[in-house]
Structures are given as C-alpha cells and as structure tokens.
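The stops below proceed from one selection to the next.

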Number of protein chains: 2
Amino acid sequence: MSETAHTIQELIRRADAAIQEERFDDVVKFYTEDAVLVLSPGREAHGKAEIRRAFAAIAEYFNHSLKPSQGNMVFLEAGDTVLVLSQSFVDAPEKGDSAYPSERRATFVYRNIDGQWLCAVDNSYGTALLDI
Amino acid sequence: MSETAHTIQELIRRADAAIQEERFDDVVKFYTEDAVLVLSPGREAHGKAEIRRAFAAIAEYFNHSLKPSQGNMVFLEAGDTVLVLSQSFVDAPEKGDSAYPSERRATFVYRNIDGQWLCAVDNSYGTALLDI
C-alpha cells in the first residue's frame, strides 16, 4: 500500500470513529468545503453545514448506536485525487429494523488541498445508485 | 441534469467516439496529466503516455472493433470534483471470445482544472475491483 493510501485509510478510520462518537464538529473537518454526501438514492447533503446536520439525523435514526467500519479497500491514485472503493459495514445494535443494508460497496473521492487529504465525495451506495 | 453533468456526459460521449475511431492523440486530451486508467484488476496505466499505449493495445485486443458507450449515469458533484457512476457497454463484434464483460458499472472521477473538465480516474470495473 502506498503512503497516500495509508494516509487516507487512517483518515477514514478516524472519521468513522468520530461518527460513532457523534463528534460532528470533528466529522466535518474530514470533508472539503463543497463536499457531497449521499444520504439515500437521490438525496444528497452539500457542504459542511448540511453534512453536519445529516450526520446528526443519521445518529438519531440509528438510536445513537451507529458504528461504521471498512473492510477490503482499493485506492486508485491520480496525483492529488484518489478514488477509494471500500467494503463498508454499518453496525447499529439499537436499530434492528433499519432500512439500511449492513454491508455496502462504497465509493469515496479524496482530494489533496494545501497538503491535506479531504473527502470530496462520500457515496456509501457505490454503483448501486444506478439500480434505483 | 445540471450544466456540469451535461458537460461531462458530452465529454464522455466524445471520448468514447475517439476510442472507437482510434484517435489516441485525441483520447488522451480527455485525461489529466497524472490520470489513472484501470486496465484490469491490479493493472493500471498512469499518465497520458501510458494511457495512450494502453488504448492502442486495447484496440488491438478487440481486433479494432471496440465500441464503448454509456447507459444510465449518476453525477455526484462536489465543486471542481465530480464522481460519475455509469452503466458502461463494450461492444466488439470482431472479438467474440473477449474476456471482458460487455456491461459494467463504471466509476469516473472528473476534475475541473483551469476551467476544463478532465478525467482523473477511469475505472470501468467500478466496485467490482473489491471482489477480485
């Protein structure tokens, strides 16, 4: 794994921890100013303010038991732009009737801006959005 | 569809036409300087020179009958960075024994650099790379 891939993998691990611990001010620090987060097919949050509100609503939906994590990952590196493919898991023991699948194939785009890697696109649905 | 999405869709259509017509000098103009093209799982071409050689080899492999096209597309826009999900078709009438699937769910990352949208990541395998 390249140094860039290692750096981004660690950032995603830290972002997942911040989401689980509901530290939303920390969560948005991982995103670019005009990042997009896919909430559900056709529903998107744009920018840090909307993304912050979305994660607060997601935490509520999962009864404050959301635990995201990543399995196998692939990093496609193009200079300051990296496409990450990831086997994403969502564990939520207090939300037995969740409409969300517990395993997905996610796609993230990371950008290096002023020496810092930030998430520009966070799409946990991956190419499944094409089916909906 | 947004103006950005429309612009990128048209660029992909023109890139597909250039690939089909084996205009490789035109093909590489659609990519960033340090773009990555996934050739097969674990095999990548980096930068315009490698990408040009890869498309020449691909044309040879398909007996000069390769016709790529796109079906349903989703555009996830984050300012100067766009993740494109696309139902991609590969038609190659002169290559009946191709090892390549004729329909895929592709992922492209486009970047706006100095006012021009260019492809930074071209991964026709989408999240299927996680399975291999």
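Begin with the lining of the largest pocket, which by class holds 22 nonpolar, four polar and four charged residues. Here Ala, Val, Leu, Ile, Met, Phe, Trp, Tyr, Cys and Pro count as nonpolar, Asp, Glu, Lys and Arg as charged, and the others, Gly among them, as polar. The model is predicted: local features need pLDDT of at least 70 and side-chain atom pairs pLDDT 80 or more, whereas totals for chains, interfaces and linings use all residues. Residues are numbered from 1 along each chain as its sequence is written, chains are lettered from A in the order in which they are written, and side-chain values use heavy atoms, without hydrogens or water.

Select Leu37(A), Phe55(A), Ile58(A), Asp122(A) and Ser124(A); of the 30 lining residues, these lie nearest the centre of the largest pocket. The space there is about 540 Å³. On a 1 Å grid over the protein atoms alone, a pocket is an open set of points with protein on both sides within 12 Å along at least five of seven lines, a cavity is a set where a 1.4 Å probe fits but cannot get out, and lining residues have an atom within 4 Å of a point. A volume is the space filled by probe spheres set on the points, which are joined across faces, edges and corners.

Next, colour α3(A), which gives five residues, the largest share of the pocket lining. Helices (H or I, at least four residues) and strands (E, at least two) are DSSP runs numbered from the N terminus.

Finally, show both chains together. The contact (heavy atoms within 4.5 Å) takes 33 residues from chain B and 33 residues from chain A. About 2,500 Å² is buried between them, 66% of it from carbon and sulfur atoms; buried area is the accessible area (1.4 Å probe) lost on putting two parts together, summed over both. Four salt bridges cross this interface, each a side-chain nitrogen of Lys or Arg within 4 Å of a carboxyl oxygen of Asp or Glu. Select Asp131(A) and Arg105(B) to see a salt bridge at 2.8 Å, N to O. On the side of chain B that touches chain A, β3(B) gives the most, with seven residues.
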